[in-house]
Amino acid sequence: MLEKEDISKVSRSKRFEIRIAGFGGQGVVTIGRILGEAFAIYEGKNSTNSQSYGPESRGGACKSEVVVSDGEIYYPNVRRPDVLIALSQKALDTYLPDLKEGGLLLIDPTSVKDIPFPDKYRIHKIAAMEIAHRMGSVKYQNSVALGALHPLIGDILEESSLRKAIADSVPVETVAVNMQAFDKGLDSAQRKSG
Amino acid sequence: MSKGPQERHLLKPGRYYLQGSEACVEGALMAGCRVFAGYPITPASEAMEHAARRFPQVGGRFIQMEDEIGSASVLIGASWGGAKAMTATSSPGFSLMQEAISIGIISETPMVIVDIQRPGPGQGYITASQEDVMQARWGHHGEGSIIALAPASVQEMFDLTIQAFNLSEKWRTPVLVMAEEPVAHLRELLRVGARADIGIINRSKPQDLGIQPDDYLPWGHDVVAPMANWGEGYSVNFVGLVHKEDGNVTDWSSEVNCNCTKRLLSKIEGNAREIAQIETRFVEGSRNFVISYGSVSRTAIEAVMEAREQNGIDLGYVRLKTLWPFPEENLRAAITSADTIFIPEMNFGMMRHPIVEALGDRCRNFVSIPSLGILHSPELILSKIVEVT
Amino acid sequence: MLKYLKEEGLMGPRLPLLLCPGCGHGQVLNYTLHAVDRIIKEDKMAKEKLLFISGVGCSSRLTSHYLNFDSGWTIHGRALAVATGALLANPEFRVVVFSGDGDMASIGGNHFIHACRRNMDLTIVCMNNGLYGMTGGQQAPTSPRDMITTTTPYGNPEEAFDLCKMAEVAGANFVARWTTAHPHQVVKTIVKGIRKKGTAFIEILSQCPVHRKANPADMLETFKKMTVPWAKAKEEDKDKIPIGEFCDHDKPDWNASYEKILDQYKS
Amino acid sequence: MPKLWIDERYCKGCLICVEVCPTSAIASSDRINARGYVIPVEKDMSICKVCGLCELMCPDFAIAIEETDFK
């Protein structure tokens, strides 16, 4: 940050905000980190990624946030999310009221059954857990979810950027299977919207 | 031990997406730190884990000590052994380190302590806080000043950690990096420049000044004494008692006591103008101001801009990059007169005290905006500003 | 051994030692400097490699400003942690830690256990006089049961801490106990301790004639009577304090183990 | 005969040297140093065996024993 900034330079740029919520161990934090990195490293934008956390390592309520902007990001947390990825019913119940009207809601129908006021949001479903489980491990559910998310935010994030960020964050030996998981998520999303 | 083939394992120039804690450790390595001692504590463990991975890669040594008292004590031994050394902890651990900080002050030991504050008292909780900012200054026993910096971004976790080492080497004193969870756990872009462009300061040495062992005063010669490390043939007797410039503790006198303490105080407070830094925006012509530090600044500046743009409120902004020595002169240069000064902090108004002390003759209305355990929302700061102005 | 002491500094005299007449700690310093003299001569060790670290207390005062070596007179109980730091900065140091029983076993007990467990390359010379001398003769964790001190005016209701057993169990390479009445054994053992890689814990029972209200020479005689070389102890010696070298291992010290991690990134 | 050096500046009169001397070559005396301590003196250096115990066991580095040519 500059020691002294010219007032004319500091008009704020538009923010795009994503919130991911669920239980610890579902990949909430990982999804946030991958998205943040994809925007910052591979799209040349600014992005912040923060997470709420509790004392328990697994199984507690967990939230991760990504803010994207072409300009400087001051307040690093989400204020009014454009996108909510809810991986548990509790997460949905807690965070849905904050979602912008007309905002994008991506849920895993395996764990999220009940959506209040469904008409207010653009709702997309991805059975990430189930698909990943069929692929051999629920660990891949992040990549499935990101695959499903991508077409929905494709106007601000290149697919290649997201794939690169996934490859950076998973163990080298699982890059290929994570790419398959991404493809499955992508297919599923395109089938539904197509 | 900082030179060698392992140097290539330092961050290369480029863009990285890192957590604040990781950036802090990378900054330390870049500054030449090669000893890390720590004890796990939330929310500072990420820094320690990153250090455990990274220190051996660059030829440094990492140790997990039995407690925070041990960790801080390691810094003293390591620093006099010739290394730049650091630890990272959180508030309860910071309390346990106060004795070593105090001994670091009187022995004029360069060392860096990162406190990723958590709310308290007691075990408090594990979230965000700025409740140790007074402990940073006054927590150690005895009189003697301290340098404390407040980073507000991942970039600053890197930059200010480098600066912390530079200040500690230059002024031969413990330097604190008073960080908070929102910036320690935040991930954002870190831009690393070329090694040659990153200024690194190392302690001045009697060898370089032509001072022979027989004439060497470990606590004399200059405002900041040149420092001979152990193992260099200077037979340095490190002492924690008030001492004469040669380390002699035989004859206590009020004069020896006074001179020793005065030296420690004036070294820092007398050079506050050089050490302390602030950042200002929109200050010229403004009648109302927000003063903040650390991660709260991220919210504060958001609120200030929103108040200016949407509510048309005349509002200037000052960020304290240095908490201690308190940047009184910088502040008085930035704010010559004010109607209201808002001070959002993640405590009930700790830094309000030195701010009022510095600006009490220029402003009558100081408004604290506390948020405990969680980073302020822009709405919280904005609503208070709208209500008062 | 005056050559290893600073009789005079740039700002005035430093000797005589700030210790009471007949204090055993001065003897231990004398023995240690004899040992150091042998090491310097026999091993051709550079004087700069030696480093003396202490905490706070009568015994710790020995490093304060008397030594013509690098030294650190640091924080009460923290000598081992500070010494650990010095070894992290420079594993080449041969570090001797001077400590009292209160400094080592009470306030510094945690560091004591863990320095031994890590097998840090230290020679710990622990002067055990069974009480806190500098603060006025209070009970220490090493005070014998029933002993009258200023804080146990009705007799000590606690058992004394066996520091050698603790050091051995915690993992120190070399553990020994002598008394100030065994000068030659102490010198020999300290020589061995400094040469030893890893933790050498050497406890030396040391007299405090002031707080024990006894004649120093008589106390030395008592030390001889109340101790027995552990290998020669018979049934009738069961109430005596065992002395001698209790263990001598060659487990790798902390820095040797860490060096293997460092090696991965050296080329 | 061996030569005994007693540094009166450092001696605190504990007399450990007198007690540990195997041949009683050193003895207590009437001499009192500037700090008020009774200091030892050499009694009969002809019986000294130069075992060095007095020097080694002095807590205050106040004694040095030297073997000279006059044995």
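The structure is a predicted model, in which local features need pLDDT of at least 70, side-chain atom pairs count only at pLDDT 80 or more, and totals for chains, interfaces and linings use all residues. Residues are numbered from 1 along each chain as its sequence is written, and chains are lettered from A and ligands numbered from 1 in the order in which they are written.

**Exercise 1.** Describe how helix H3 (residues 68–80) of chain B packs with helix H5 (residues 98–106) of chain B.

*Solution.* Begin with the axes, which lie 8 Å apart at an angle of about 15 degrees. H3(B) is therefore roughly parallel to H5(B) (angles under 35 degrees count as such). Next, list the contact, which H3(B) makes through Ile69(B), Ala72(B), Ser73(B), Leu75(B) and Ile76(B), and H5(B) through Ala100(B), Ile101(B), Ile103(B) and Gly104(B); residues are in contact if their C-beta atoms, placed from the backbone, lie within 7 Å. Finally, sort by class: the contact of H3(B) with H5(B) has seven nonpolar, two polar and no charged residues.

**Exercise 2.** Work out the relative orientation of helix H1 (residues 28–42) of chain A and helix H5 (residues 159–169) of chain A.

*Solution.* The two axes come within 8 Å and cross at roughly 125 degrees. By class, the contact of H1(A) with H5(A) has seven nonpolar, three polar and four charged residues.

Technical notes: Axes fitted to C-alpha atoms, helices over the stretch in contact; angles between N-to-C directions. Helix = DSSP H or I, 4+ residues; strand = E, 2+ residues; numbered from the N terminus. Parallel < 35°, antiparallel > 145°, perpendicular 65-115°, else oblique. Contact = placed C-beta atoms within 7 Å. Nonpolar A, V, L, I, M, F, W, Y, C, P; charged D, E, K, R; others polar.
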